[in-house]
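Subject: Structure for your review

Dear colleague,

Please find below the structure that I am handing over to you. My findings follow it.

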Amino acid sequence: MREADAYKEKEMPSLGIPGNTIEVLQKHHFNIQKKYGQNFLVDTHVLEKIMEAAEVTGEDCVVEIGPGLGTMTQYLAERAKEVVAVEIDRNLIPILEETLADYHNITILNEDILKVDLNRLVEEKNGGKPVKIVANLPYYITTPIIMALFENRVPLKSITVMVQKEVADRMQVGPGTKDYGALSLAVQYYARPEIVAQVPPNCFIPRPGVGSAVIRLTRYEKPPVETGNEELMFALIRAAFNQRRKTLANAIANAAQLPFSREEVTAALEKMQLSLTVRGEALTLEQFAKLADFLK
Ligand code: SAM
C-alpha cells in the first residue's frame, strides 16, 4: 500500500466544516435524498471523537457504510491502511471521486450495503482478517445493517457508528427498561456496547428530526453466555418481543414458527424457578440461553 500517499498533506479542505459541505452541495447541485437517510455530518469535534472511539490505525482495513460526500472517509483514509466505502446513491459517486481524489487507499463501491456479500469483500480486501466498521449510518436501516453484520459472521473487530439516540439506548440497556428488546439481546450476545458521544441535530446538514449518538460495539471472541441452541434462543427472543405485552409462556406458545405448547414452556420456566406469568422483557440474555437449552 501507498502509505506515504495516505498520510501526505491534503489540500482538500475538511468537509467537517459546514461552509465546505454547503459549497460541495451547491457546486454539484446535489439533491439531498431523504429516502436514503442523508444527513451529512458537519462537526470536526464529532468526527475526531468517532476516530478516537474507533481506534483506527495504519494496520486497519475499514469498511464505511454510506460515505455520503466523503467527510468521514477523509478522516478514515488518513488513519487506516485501507478504506472500502459502500454508497447506494449513484449521484454521490462523482462527488466522492472529487472529494477523495487525493487518497489512494480508498475503494468506492456503488452498492446497497444490504446486498453486498461482506464476507467476500473482507476476504478480497483484507485476506479474511477482521475489519473495523465505521459509519454515520442511514437511520432507516440501522437495525438490519447491524444484525446482518453479526448474523452473517462478518469477520470484524468493532463497529463504531452514529445512530439515532433511541436506537443506541436500545442496544445498551438491560432487562426491566422500556428500551430493552430483541436488538439489545442480539447486540449484547455478539458485542460489548458503549455509547461514546451524544450528538445534537445541529451537527448535520440537513438537521435530522431526532437526536443521535455514537456507539461502539466491540465484538466478543466468545459470546458472554453459552448455549448449544443459538438459533432457538433467537427465535424465543423474537417471539417474546413480538408479543411484548403477553406473558412469555403465551408469547412462545402463540408463535407460529415455534413448536412448543404452553405446558412445555411453563415446565421449563418452573425448572428455571421463574414466575409462570413472567414477561420476556424481564429475562436476561443468560436466562434466554437457558430457556433454549431446557426447551430443546
Ligand atoms: N457518511 C456521511 C456523513 O457522515 O456525512 C453520510 C451519512 S448519511 C447519514 C447516510 C449515508 O448512507 C448517505 O450517504 C446515504 O446515501 C447512504 N445510504 C443509504 N442507504 C444505503 C444503503 N442501503 N447502502 C449504502 N449506503 C446507503
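Accessible areas come from the Shrake-Rupley method with a 1.4 Å probe, and for residues only the protein chains shown count as cover. By this method, the accessible surface of the chain is about 14,100 Å², and carbon and sulfur atoms hold 47% of that area.

Please note that this is a predicted model, in which local features need pLDDT of at least 70, side-chain atom pairs count only at pLDDT 80 or more, and totals for chains, interfaces and linings use all residues. Residues are numbered from 1 along each chain as its sequence is written, and side-chain values use heavy atoms, with hydrogens and water left out.

The chain contains 13 helices and nine strands, which are DSSP runs numbered from the N terminus (helices H or I, at least four residues; strands E, at least two). Its C-alpha trace spans about 70 × 40 × 30 Å along the principal axes.

Of the 296 residues, 51% are buried, meaning under 20% relative accessible area (1.4 Å probe, protein chains only). A nonpolar core is a set of buried Ala, Val, Leu, Ile, Met, Phe, Trp, Tyr and Cys residues joined through side-chain atoms within 4.5 Å. The largest such core has 69 residues, and Leu236, Phe288 and Leu291 touch the most other members. Helix α10 (residues 230-242) contributes the most to this core, namely nine residues. A second, separate core has 26 residues, including Val56 and Val199.

Leaving aside neighbours within four places in sequence, the contacts (heavy atoms within 4.5 Å) of Phe288 include Met233, Leu236 and Leu248.

Yours sincerely

Terms used: Buried means under 20% relative accessible area, exposed over 50%, partly exposed in between (1.4 Å probe, protein chains only).
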